[in-house]
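Please examine the sequence and the three-dimensional structure shown below.

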Amino acid sequence: MTLSAWRPWTARLEPAALGLVCLLPWLLIWGRGAAGAALAGVAILFLARAARARDWAWLTTPWVVVALLLWVYMMLAGLAAPDAKAALSRAAPWLRFIV
């Protein structure tokens, strides 16, 4: 059995996220969609690590609370827009920047 098999799966999340973050400048040159997908991947890996470690203390920091409230406001305002589907499709992805 290899050494990496003994490490918990969460120990492999940080190097994967670091690799995606290091690739971001190159992905931005290649295209915004690829960079957006990489950023979403980093957010998902971060949430997986937080869930596994049961570490949700970052949600109580003031800037995260304010950003989440602004995101909720954007989502609610999107519901009242004439084209709610388009408004919500523009507001929903902003959550990844908070995470």
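In helix 5 (residues 84-91), A86, A87 and A91 are buried, where buried means under 20% relative accessible area, exposed over 50% and partly exposed in between, with a 1.4 Å probe and protein chains only. These residues lie on the same side of helix 5 because they cover an arc of only 130 degrees around the axis, taken from the directions from the helix axis to the C-beta atoms. The model is predicted: local features need pLDDT of at least 70, side-chain atom pairs count only at pLDDT 80 or more, and totals for chains, interfaces and linings use all residues. Residues are numbered from 1 along each chain as its sequence is written, and side-chain values use heavy atoms, without hydrogens and water.

**Helices and packing**
- The protein chain has six helices and zero strands; helices (H or I, at least four residues) and strands (E, at least two) are DSSP runs numbered from the N terminus.
- The buried residues of helix 5 pack against helix 4 (62-79) and helix 6 (95-98), a contact being heavy atoms within 4.5 Å.
- Of the 99 residues in the protein chain, 22% are buried.

**Aromatic rings**
- There are three aromatic pairs, that is, rings of Phe, Tyr and Trp (its six-membered ring) with centres within 6.5 Å; planes under 30 degrees apart count as stacked, over 60 as edge-to-face and the rest as tilted.
- W56 and W58 form a tilted pair, 6.3 Å centre to centre with 40 degrees between the planes.
- W58 is buried at 16% relative accessible area, whereas W56 is partly exposed at 38%.
- F46, W56 and W58 form one aromatic cluster.
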